[in-house]
Structures are given as C-alpha cells and as structure tokens.
Amino acid sequence: MKKLHAIAAWIQQETSVRRPRLDKTGVVMRTASVLLLLLPGREGPELLFEVRSSRLGWQPGDICFPGGRRENSDRNFAAAAVREASEELGIPYGDIRLCGTLDFFAAHNGFMVYPFVGIWNPADGGPSGDSAYKSWHFNKDEVAELFTVPLSWFLKNKPRIGTAHIQVTRKDDFPFELVPHLDPHKDFHQEYEIYFYQYGDKVIWGMTAAILHSFLDRFGKGLADFA
C-alpha cells in the first residue's frame, strides 16, 4: 500500500502543475470556445454574429460566433469565450454577463467547440438604441463585419438542411490480423445533417449553425416568452 499511496501522491503532484491537453492520437485535433451573445433589439433580444475577415487562413468570409482558443491565462473554457469575445468585439470583459454553458459540439473535422451563452451588460448602461454594436471598435484583422438576428426570426424560420457523408478507411499498415473480427473490406460510413439559416444576404451554416440549432432546439419554447 505504501507504493500505491506514493504513486497517488506523485500523480496528484504531476497533474496539478499541468492542465490536461488533447492526446495527439485522438480524433479531436483542435478546441475552441464560442459565445452566443444576446443584445437588446427593436423586436426583442437579438443574437450577434461575426463575418470572418477575408485575410484569415481558416474559413475566411464565413459567419461565426465570437470565440477562439483557450490560452494558459484562461481559468477555463468559459473564461476563454468571454476573453475572445471581448478582444474581437472591442468591448470590456466586464460588459459580458455569462449566463450558462451549452451542449458541447464535436465536428467531423476534429474540432471540439465549447459554446456558452451570455448577454451584453455594460456597466455604464452603454450607448442607447438597438444598434449599439455598430459603434464597437471590433478587431478588423479577424472580423469583417458584425450583424444581429432577432431571436424571434429564428423561432419562426426553420433552417434548410443538407446531408453530408463521411467515410473512414483503413490504410495498408492496419494490422487486421490482431483484430480478426473486423472485416478488412468494410469501411465506416456515416451521414450527418448540415443546417443553413439564410437571413437576408447572410447564410449561417456549418458548426455555427449546428450550435445555433442545438441552442434553439433546447431553449426554443422558453425563448418565445422573451422574443
């Protein structure tokens, strides 16, 4: 038992000095936090979206929620979501009131996203009007444009749905002799839905639309009381 207690103490010490990170052999290759930020609007609460800068190497021009990678200075993924939103939108960290954690999203491209929902809650009351975000000095290196969509619009309009197909194949070095129950001629196939929300000339799709759809599916009936 002495050795068992000794190894327990050693592991506890080792794990206390370094945060867990993704194993390189896993299917998740990247993680990020995003924030669904609610703002006051003419027709009730609105959701804020970003149009990604065309200069970015990853999904330039696509529509997304504010967010990004967790840094060592971030206490957790929630803190990362608020910090990234603050930096991208050009608003104080303290002007964002976090409301809760949404369902995690694992994309088929190896991306794991941790979504959170919050409201814009400026300490000084902020600029008046329902387009206050237009005065924000957002980070133009990452963001080309900001826009909002009323929650009521999402509750009245269903997304268009497309179907994607993925196939996982095993290469020549796969040791089938070690797992003889596997059929070497049978690949893994899976189909999944992709959602598309078209609001005027803006098309929200991909991971952003999937997270949005999950949010609306979970809270839609309750949101109708506020939208």
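Biologist: Which residue in strand 7 does leucine 38 stand opposite?

Modeller: Leucine 38 faces isoleucine 119 there. Before we go on, this is a predicted model, in which local features need pLDDT of at least 70, side-chain atom pairs count only at pLDDT 80 or more, and totals for chains, interfaces and linings use all residues. Residues are numbered from 1 along each chain as its sequence is written, and side-chain values use heavy atoms, leaving out hydrogens and water.

Biologist: What makes something a strand, and when do two strands pair?

Modeller: Strands (E, at least two residues) and helices (H or I, at least four) are DSSP runs, numbered from the N terminus. Two strands pair if DSSP finds at least two bridges between them. Here, strand 1 and strand 7 (residues 111-120) run parallel and are joined by 9 bridges.

Biologist: Which strands run antiparallel to strand 1?

Modeller: Strand 4 (residues 67-68) does, with 2 bridges to strand 1, and valine 34 stands opposite glycine 67 in that strand. Strand 2 (residues 46-52) is also antiparallel to strand 1, again through 2 bridges. In that pairing, leucine 39 sits opposite glutamate 46.

Biologist: How many residues lie between the strands in the hairpin of strand 1 and strand 2?

Modeller: There are 6, and in this hairpin glycine 44 takes a positive phi near 105°.

Biologist: Is strand 1 largely enclosed or open?

Modeller: First the scale: buried means under 20% relative accessible area, exposed means over 50%, and partly exposed is in between (1.4 Å probe, protein chains only). Strand 1 (residues 30-39) has 8 of its 10 residues buried, so it is largely enclosed by the rest of the structure. As a general idea, side chains in a regular strand alternate between the two faces of the sheet.

Biologist: How many salt bridges does the structure hold?

Modeller: A salt bridge is a side-chain nitrogen of Lys or Arg within 4 Å of a carboxyl oxygen of Asp or Glu. The structure has 8 of them. One of these links aspartate 103 and arginine 218, whose closest N and O atoms are 3.6 Å apart. Aspartate 103 is in the loop between strand 5 (96-101) and strand 6 (105-106), while arginine 218 is in helix 4 (residues 206-223), so the pair ties together parts 115 residues apart in sequence. Aspartate 103 is partly exposed at 42%, and arginine 218 is partly exposed at 47%.

Biologist: Which side chains does lysine 202 meet in salt bridges?

Modeller: Glutamate 145 is a partner, at 3.2 Å from N to O. Lysine 202 belongs to strand 11 (residues 202-205) and glutamate 145 to strand 8 (residues 143-150), so this pair ties together parts that are 57 residues apart in sequence. Aspartate 201 also meets lysine 202, at 3.3 Å. Lysine 202 counts as buried at 14%, glutamate 145 is partly exposed at 32%, and aspartate 201 is exposed at 68%.

Biologist: Which residues do salt bridges with shared partners join into one network?

Modeller: Glu71, Asp74, Arg83, Glu84 and Glu87.

Biologist: Where is serine 86, and what does it touch?

Modeller: Serine 86 is in helix 2 (residues 77-89), and counts as buried at 12% relative accessibility. Contact means heavy atoms within 4.5 Å. Not counting residues up to four places away in sequence, serine 86 touches Ile91, Pro92, Tyr93 and Ile96. A polar atom of the serine 86 side chain lies 2.6 Å from the backbone oxygen of isoleucine 91.

Notes: A polar contact is a pair of N or O atoms within 3.5 Å; within protein, one must be able to donate a hydrogen and the other to accept it, and residues adjacent in sequence count only if both atoms are side-chain atoms.
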